[in-house]
Amino acid sequence: MELPAQLRQGVDSLLDKVPLPALKQAAKTLSERYRAELRDGRLHIGEDMAVKAYLATRLPATYAAVRASLNALADARPDFQPRTLLDIGAGPGTMLWATTDAWPELEQAVLVEASAAVRKVGQSLAAGTIGARTDWVAGDATIDLDDLKPADLVSIAYVLDEVAPASLPKLVGRLWQLTADTLLIVEPGTPAGWQRMLAARQQLIGAGAHVLAPCPHEAPCPLAPPDWCHFSRRVARSRLHRLVKEADVPWEDEKFIYLAASRLPAPARPARVIAPPKGGSGKVVLKLCRPDGGAGEQLFSKRDGDVFKAARRADWGDSLL
């Protein structure tokens, strides 16, 4: 899932003539902070060079994860047509670009971002290319949400991992208050990210939310450590990305976990493929999360007819219709 052409061109322009050694060092520092989940009071992308490193090495992957999550939301609610977006911790506008790609009819977006450096870049990238009325708001996800208005789609992507655990319940509660229709949360696909998502899921269900995706049910998660729920998208690396990361492989796999929760009851949801399929001659084994609240592997063979054909086409993260 590639960046939209206009976004890719804008990023290339911003990165043109940036010294490679400086970009490499900034990318290394940024990666170390993300991996360590540092919460030291400093913004991960608070400085200009950190923003450029993010554009070069992280934006394509986070865009792919966010866009895939929106696809799953759209599949679960084909009638959903958001007119307004509220994105918390907006970064350079990743969610804005993905949402307008999914729903070109989007009319208004409010993007809350604490870093002045990344807000400036986000505004520059969106100027003249995003049709929705867009307001960028300086604000911290944990303390600056009081004066915001509800939106059809409220989103927060790759932010919960930067918030102190004690502050998460209040943040999730406020996000739900601001949700007129649907809330989308996206997190890194790590065991820790899954645990944060489980806590948010339980809190939202307790507040009356209906889970749209990825879960096909609202029962307790059937997975237990060391297993965890997550998904993956393969992302092509640009030449600059490979140079900055000193990578030989021309692609990377972005692991992520997401949750879409709605104020409206969820329609019947089919089973979800929650691991890479295992194929063989005339058969395929899928690990499924099922509508009955259970999970496990299921073998499909040619004897299953059309169901086998659907199972053979299914990929990790897909619904099995």
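**Salt bridges and packing**

Tutor: E187 and R196 form a salt bridge, with their closest N and O atoms 2.9 Å apart; the term means a side-chain nitrogen of Lys or Arg within 4 Å of a carboxyl oxygen of Asp or Glu. This is a predicted model, in which local features need pLDDT of at least 70 and side-chain atom pairs count only at pLDDT 80 or more, while totals for chains, interfaces and linings use all residues. Residues are numbered from 1 along each chain as its sequence is written, and side-chain values use heavy atoms, with hydrogens and water left out.

Student: Is E187 buried or exposed, and what about R196?

Tutor: E187 is buried, with a relative accessible area of 0%, and R196 also counts as buried, at 11% relative accessibility. Buried here means under 20% relative accessible area, exposed means over 50%, and partly exposed lies in between, using a 1.4 Å probe and protein chains only.

Student: How many salt bridges are there by this rule?

Tutor: The count comes to 15. One of them joins the side chains of D181 and R77, at 3.1 Å from N to O. Because D181 lies in strand 5 (residues 179-188) and R77 in the loop between helix 4 and strand 1 (84-88), this pair ties together parts that are 104 residues apart in sequence. Helices (H or I, at least four residues) and strands (E, at least two) are DSSP runs, numbered from the N terminus. Both D181 and R77 are buried.

Student: OK, switching to packing: which residues touch the most others in the largest nonpolar core?

Tutor: That core has 91 residues, and L70, I88 and L204 touch the most other members. A nonpolar core is a set of buried Ala, Val, Leu, Ile, Met, Phe, Trp, Tyr and Cys residues joined through side-chain atoms within 4.5 Å. Helix 4 (residues 59-76) gives the most to this core, with nine residues.

Student: And what about helix 5, why is it largely enclosed?

Tutor: Seven of the nine residues of helix 5 (residues 94-102) are buried, so helix 5 is largely enclosed by the rest of the structure. Among the buried ones are M95, L96 and W97.

Student: What does L204 contact, leaving aside its neighbours within four places in sequence?

Tutor: L204 is in contact, meaning heavy atoms within 4.5 Å, with V172, W176, L183, I185, A209, L259 and A261.
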